[in-house]
Amino acid sequence: MSSDKNQQNKIMVLSENRELSRDLGSQASAIDSESLKPSQIPSVQAKDFFQQGLDKFNRGDDRAALERFNQVLRLNPDCADAYSFRARIRSKKGDHVGAIQDYSEVLRVNPQDVEAYSSRGFVRAESGDRWGAMQDYNQALQLASSHIKTYLNRSLLRVELEDYQGAIEDCNAVLTINPNLPKAYLNRGLAHFELEDYQNAMTDYNQALQINSNLAEGYFDRGLNYVALNQYQDAIADFNQAITINPNYTQAYLNRGYTRMQLGDNWGSIEDFDQALKIDPVSAKTFFSQMAHIFHPEQETFEDENQQLIQGLIIQGNLRYESGDYQAALDAYNQALNLDANNAEIYNRRSTVRSAMRDYKGALEDLEKAKTLSLNHELSSQTTPGFTVQPTAKEYHQRGVAKLQQGDFQEAIEDFNQVLQMKGDDATTLTCRGFAYQRLGDNQRAIEDLQAAATLFFEQGDVKSSEEVLETLKKIQ
């Protein structure tokens, strides 16, 4: 674990478990109806329903508020403020589609509404539509170049897209407007952290905590930075502070547990991991899966929730065995085998525990089971060599491009279809197929392919190609 490569892997996993919290600004604060536009609520009855909805919203009674805003919109389907509040409630409930539809209605009524673009971008980012979110953020900033909330949310989106310099620029823009905003320092610190510029990250985190010493997120971020610098005691101190401020901070428990493990404090690690599992089992399982990948580089990172749990149980069993708690280790391995009865690694590990507990018969049985499973796996993996004439995806693509250049557009499309059957996320092939459809006069299919390609390029971090495809789209449309 002392090599540069392993250190980089550790930092990667820790940073992936940092919670990228976006800020909806003042959306959760109480709203005064006097600040709203009376012209949007023309009838007395609609005004009454709106005021009732506003009162319910401010008191946190979202269900009743939603009913009142629905009544307002039945009386006045052009009430932008009712759509806006309904969107906030829907977003809070996880109804991203409904929230996006409501913000779109706000923009239908008022195409210059900066808050609607910014908030719709936030919801799109939450739902995984990062390309759509970026378009909304950009539009909001075109309308209002000093919109702090949009800069902050776009900076986090850019971090997710690995556009770290862009994220830093967004944070710098915020700090030019308000140099005392802790969130801007935290977001910029995160971008520096991902660039492995730990000194500037530390400066940003210190500045944020100097402005507000009660920021759990600030201590957590700085703790990760200390881990990257191998300053484990300082990291634990910061994670402690984060947990003191927020006793349900799952990621702080997980990363404190990881850090304690680096110092050989296995019991402390177990306590932290157990606490994280109680608070948020899903996040804890994901973390354990990523940790398994670090400690056992030959293993893959599992996305399946069942496999994540198995890896987490193996890690817990290992820790408890090393701490001398053999019964707890045995229980963990038994749970793992209940989930996967054909896992040779678990039988091997349980054999070690049984031997330590002087259950030599059980230990031998586990070793024999592990040996049988390993042998069966080797036999099943042996295949008879054969020959194939099936072209590769690359060959299909090259052949399709050649046909496209020769003007054989239909044949080119067939080759591109073969590529996309093998690699559905090949943005370059989608672009080429779009060109072929366009040359055949099928603009609808061309537009669909080019829109999909632009989105994929953007998702894959190739912003320049995405913009070039969008420019081509404008010409077709």
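I started at F69, which is buried, with a relative accessible area of 0%. Buried here means under 20% relative accessible area, exposed over 50%, partly exposed in between (1.4 Å probe, protein chains only).

A note on the source: this is a predicted model, where local features need pLDDT of at least 70 and side-chain atom pairs count only at pLDDT 80 or more, while totals for chains, interfaces and linings use all residues. Residues are numbered from 1 along each chain as its sequence is written, and side-chain values use heavy atoms, with hydrogens and water left out.

**Rings**

I looked up aromatic pairs next. Rings of Phe, Tyr and Trp (its six-membered ring) pair if their centres lie within 6.5 Å; planes under 30 degrees apart are stacked, over 60 edge-to-face, the rest tilted. I got eight aromatic pairs by that rule. F69 and F85 have ring centres 5.4 Å apart and planes at 15°, so this pair is stacked. It links distant parts of the chain, with F69 in helix α3 (residues 62–75) and F85 in helix α4 (residues 80–92), 16 residues apart. Helices are DSSP runs (H or I, at least four residues), numbered from the N terminus.

F85 is buried too, at 3% relative accessible area. Ring pairs join F50, F57, F69 and F85 into a cluster. I also found the charged end of R88 over the ring of F85, 4.8 Å from its centre; the rule wants NZ of Lys or CZ of Arg within 6 Å of the ring centre and within 35 degrees of the ring normal.

**Cores**

A nonpolar core is a set of buried Ala, Val, Leu, Ile, Met, Phe, Trp, Tyr and Cys residues joined through side-chain atoms within 4.5 Å. The largest one has 50 residues, and F193, F220, L254, F273 and F288 have the most contacts inside it. Helix α12 (residues 216–228) gives the most to this core, seven residues. A second, separate core has 34 residues, including F57, Y83, Y103 and L161.

I then checked L254: skipping residues up to four places away in sequence, L254 touches F273, A276, S283, A284, F287 and F288. Contact means heavy atoms within 4.5 Å.

**A buried arginine**

R154 lies in helix α8 (residues 148–160). At 10% relative accessibility, I count R154 as buried. Leaving aside neighbours within four places in sequence, R154 is in contact with M134, Y137, N138, L141 and D170.

**Last stop, α23**

In helix α23 (residues 427–439), the buried residues include L430, C432, R433 and Y437. G441 follows α23, with a positive phi near 85°.

Terms used. Helices (H or I, at least four residues) and strands (E, at least two) are DSSP runs, numbered from the N terminus.
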